Amino acid sequence: MSQIAVVTGAASGIGEEACRDLLDKGWTVHGLDVTEEGLGRITEEFSSENFHPFVCDVRSAETVKSIMSDIGGRTGKINALIASAGVIRLAPLAEMAVEDFDMVFDVNVRGLWLSAREAIPFLRTAAGAGELARIVMLSSVSALRPKIDGGAYGASKIAVSQLTRVLGAECAKDGILINAIAPGTVDTPMVQNADRSGNWRPSGPSPVGRVAEPKDIVRVVRFLLSEDAAYVTGTTIPVDGGTSAAFIPPK
Ligand SMILES: NC(=O)c1ccc[n+]([C@@H]2O[C@H](COP(=O)([O-])OP(=O)(O)OC[C@H]3O[C@@H](n4cnc5c(N)ncnc54)[C@H](O)[C@@H]3O)[C@@H](O)[C@H]2O)c1
């Protein structure tokens, strides 16, 4: 049987690119996203019998449980979870709407935790059979260096990194390795459509001299799913072209 992946936030940006890469490598990929239209678009584009779309709002404990059980029940195992579903809402913390704050934490933190929680029994089965069992969480450079107007988002991403540390340590005995990636600005719809009416701006080109493409992030996902990462768990890897390394003041 081929390797089985579940990707949340599959219909756009980094999640979409992760699906494409895994399909290219012969994996069977289950793509979860809240947007049916987006899932329809990528299903058509991938045109692969190995891609299985699921409409899923990761904020719903019942839906996440039922979809993971459905996938795990049919395949008997999950070899990798890529938790990429995420949202950004921007406002000064003192003025932010409660609904926006809740949305950021419900999707980025609670939804990511629920996805891992429901996938872990099937990752354990894979590990028990001597197969690959990995989780890759999408944190952010904002976990390391937050921005004004992005306080809730930055707090949600440091929470992702903290969950990754503890889950990584808790699940190491089961043979499941769990890590997070902290991208700097990546050219995806999240950044393209972000609200620029306030003080928030994307970090822009990194010290490396450009903005990242989803591929730059997915290459590190590939590493974390490889045998080369067999002794890596509970960590957050910045993939930001040096953005968080040092501040370069404007000229
Ligand atoms: N783009 C960046 O610059 C950047 C930087 C650092 C971290 N990240 C993180 O990487 C991840 C992917 O971001 P992206 O840039 O690809 O964003 P994106 O907006 O292109 O894709 C995110 C996907 O998540 C889905 N989603 C949103 N809410 C959902 C929900 N409740 N249930 C299921 N799916 C839901 C969206 O429909 C979308 O398809 C996010 O967690 C984001 O915070 C992005």
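In what order do the seven strands of the open sheet stand? In this predicted model, local features are reported only at pLDDT of at least 70 and side-chain atom pairs count only at pLDDT 80 or more, while totals for chains, interfaces and linings use all residues. Residues are numbered from 1 along each chain as its sequence is written.

The open sheet has the order β3-β2-β1-β4-β5-β6-β7, with parallel pairing, where two strands pair if DSSP finds at least two bridges between them, and where helices (H or I, at least four residues) and strands (E, at least two) are DSSP runs numbered from the N terminus. The edge strands, each of which pairs on one side only, are β3 (51-55) and β7 (236-239), and the twist from one strand to the next averages 20°. Strand β1 (residues 4-8) is joined to the parallel strand β2 (residues 28-33) by five bridges, and within this pair isoleucine 4 stands opposite threonine 28 in β2.

Helix α1 packs on the sheet, touching β1, β2, β3, β4 (80-83) and β5 (134-138), with a direction that makes about 165° with that of β1. Helix α4 also packs on the sheet, touching β1, β4 and β5, and its direction makes about 175° with that of β4. Here contact requires C-beta atoms, placed from the backbone, to lie within 7 Å, and axes are lines fitted to C-alpha atoms, for helices over the stretch in contact, with angles between N-to-C directions running from 0 to 180 degrees.

The largest nonpolar core, in which Leu81 and Leu123 have the most contacts, has 69 residues, and its largest share, eleven residues, comes from α4. Such a core is a set of buried Ala, Val, Leu, Ile, Met, Phe, Trp, Tyr and Cys residues joined through C-beta atoms within 7 Å; a residue is buried if 20 or more other C-beta atoms lie within 10 Å of its own, exposed if 12 or fewer, and partly exposed in between, with C-beta atoms placed from the backbone. Residues up to four places away in sequence aside, leucine 81 touches Val6, Ser115, Ala116, Ala119, Leu123 and Ile135.

Serine 47 lies in the loop between α2 (36-46) and β3, and counts as exposed because it has 9 C-beta neighbours inside 10 Å. Aspartate 149, in the loop between β5 and α5 (151-171), is buried, because 22 other C-beta atoms lie within 10 Å.

Definitions and conventions: Contact = placed C-beta atoms within 7 Å.
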